[in-house]
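The sequence and coordinates are shown below.

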Amino acid sequence: MKNNEAKSKSRLGKFSLLTLIAIYFLILVGGIVRTTGSGMGCPDWPKCFGNWVPPTEVSQLPADYKEVYSQKRQKKNIKLIGYLEALGFQDTADRIASDKSILEEEDFNATKTWIEYVNRLIGVLIGLFVIGTLYLSLKFRKSEPQLFYLALAAFVLVVFQGWIGSLVVSTNLIPFIVTFHMLLALVIVAVLCIIVVKANPDLRMMKVDMKQVKWVLIISMVLMLFQVVFGTQVREAVDIVAQTLTRNKWVENLGLTFFLHRSFSWIILISNGYLIYLLWKKDALNTTSKMLISVILITIFSGTIMAYFDIPAFIQPVHLLLGTLGFGLQFFLFLQLKSEGKVTA
């Protein structure tokens with residue numbers, strides 16, 4: 001019986017890890033959507049131009065499609081404004097209500113439409129992965145209920161993330177909702193990391209005088225979250241300058257946000273470098289910590305390429321992926337340090 005439960009837990013651990021990898025793939029695809037300006041390629045949600053399979057030519061759309069989808073967006077935003085007012089976010093509600101640019105409909109672009117559509121299809125696939133994780137956790141409702149409730153939380157968060165995605169569309173990529181959408185993805189990553197570690201005891205590290213390491217790691221995670229937020233704000237600034245300036249003028253016109261994001265990378269490198277040094281002194285370096293410092297260095301390198309080569313389009317989604325992967329590895333390492341067990345190689 002115990003052997004069967006161990007196999008079931010191993011199966012859950014492997015599947016939840018696969019789900020975690022799939023989430024990161026979706027983050028990469030989402031970065032491609034943002035970089036190519038395809039976020040509004042489908043003006044409605046969950047369908048695309050009212051269909052499950054989007055059109056390929058503008059001739060397949062009614063002549064007044066812009067007015068039709070602008071009115072639909074307005075109706076949805078009226079509901080959102082009501083929710084925000086009920087929750088006490090009056091300033092945000094007023095901002096959405098007064099921003100008429102939210103209702104501006106873009107010209108149909110088949111390439112952008114299909115990029116966004118593929119992004120949504122991958123999102124559906126992620127949903128199936130999360131449902132699979134929840135299904136595999138059902139076996140542990142009584143023996144290890146925490147695994148079940150974590151999987152249930154991941155499912156609820158993914159559904160909520162889908163709803164937030166619909167708001168991203170209805171508000172025409174309004175900045176604060178895009179940032180919240182990104183941070184919520186990191187919360188889902190964190191929940192899945194917990195499931196992976198709890199379902200795979202061999203991933204845990206020995207608990208030996210790690211108090212200082214943990215605090216440095218916690219500080220590093222908080223700093224990384226700030227850096228991710230700075231990064232989303234830089235992306236928003238890029239969207240603005242790209243409307244009026246050529247690519248070779250973007251960097252010099254990004255302002256203080258870009259300077260803070262670029263300078264903050266040194267703080268990220270120092271904090272994580274010190275973390276790795278402490279682990280090395282305690283002879284506790286493992287695969288996760290080695291991957292972490294490697295990802296941090298590659299992230300900074302990709303950021304340098306963006307700063308000095310006019311923000312190449314192909315680097316932007318990679319930079320986003322690496323930044324979020326850095327946080328995921330930090331959190332994964334934190335969970336390993338909290339647990340007692342065998343030190344991994």
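Helix α8 (residues 256–281) packs against helix α9 (residues 287–308) at an angle of about 160°, and their axes are 10 Å apart. Because angles over 145 degrees count as roughly antiparallel, α8 is roughly antiparallel to α9. The crossing by which α8 passes α9 is left-handed. On the α8 side, the contact is made by F258, S265, I268, L269, N272, G273, L275, I276 and L279, while α9 contributes S289, L292, I293, I296, L297, I300 and A307. By class, the residues of this contact of α8 with α9 comprise 12 nonpolar, 4 polar and no charged. The model on which these values rest is predicted.

The crossing of α2 and α3 is left-handed. From α2, the residues that make the contact are N77, L80, I81, L84 and E85; from α3, they are Q90, T92, A93, I96 and A97. The contact of α2 with α3 divides into 6 nonpolar, 3 polar and 1 charged residues.

The geometry of the two pairs is set out below.

| Helix pair | Angle | Axis separation |
|---|---|---|
| α8 and α9 | about 160° | 10 Å apart |

Two individual residues may be considered next. S16 lies in helix α1 (residues 2–35). Is S16 buried or exposed? The relative accessibility of S16 is 0%, so S16 counts as buried, given that the cut-off for burial is under 20% relative accessible area. A polar atom of the S16 side chain lies 2.9 Å from the backbone oxygen of G13. When residues up to four places away in sequence are not counted, S16 touches T133, L192, I195 and V196.

V178 lies in helix α6 (residues 175–199). With a relative accessible area of 13%, V178 is buried. How far apart are the C-alpha atoms of V178 and L167? They are separated by 9.1 Å, and the two residues are 11 residues apart along the chain.

Terms used:
Residues numbered from 1 in each chain as written. Predicted model: local features only at pLDDT ≥ 70, side-chain atom pairs only at ≥ 80, totals over all residues. Heavy atoms only, no water. Axes fitted to C-alpha atoms, helices over the stretch in contact; angles between N-to-C directions. Helix = DSSP H or I, 4+ residues; strand = E, 2+ residues; numbered from the N terminus. Parallel < 35°, antiparallel > 145°, perpendicular 65-115°, else oblique. Left-handed = near helix turned anticlockwise from the far one by under 90°. Contact = heavy atoms within 4.5 Å. Nonpolar A, V, L, I, M, F, W, Y, C, P; charged D, E, K, R; others polar. Buried < 20%, exposed > 50% of the residue type's maximum accessible area, 1.4 Å probe, protein only. Polar contact = N/O pair within 3.5 Å; in protein donor to acceptor, adjacent residues only side chain to side chain.
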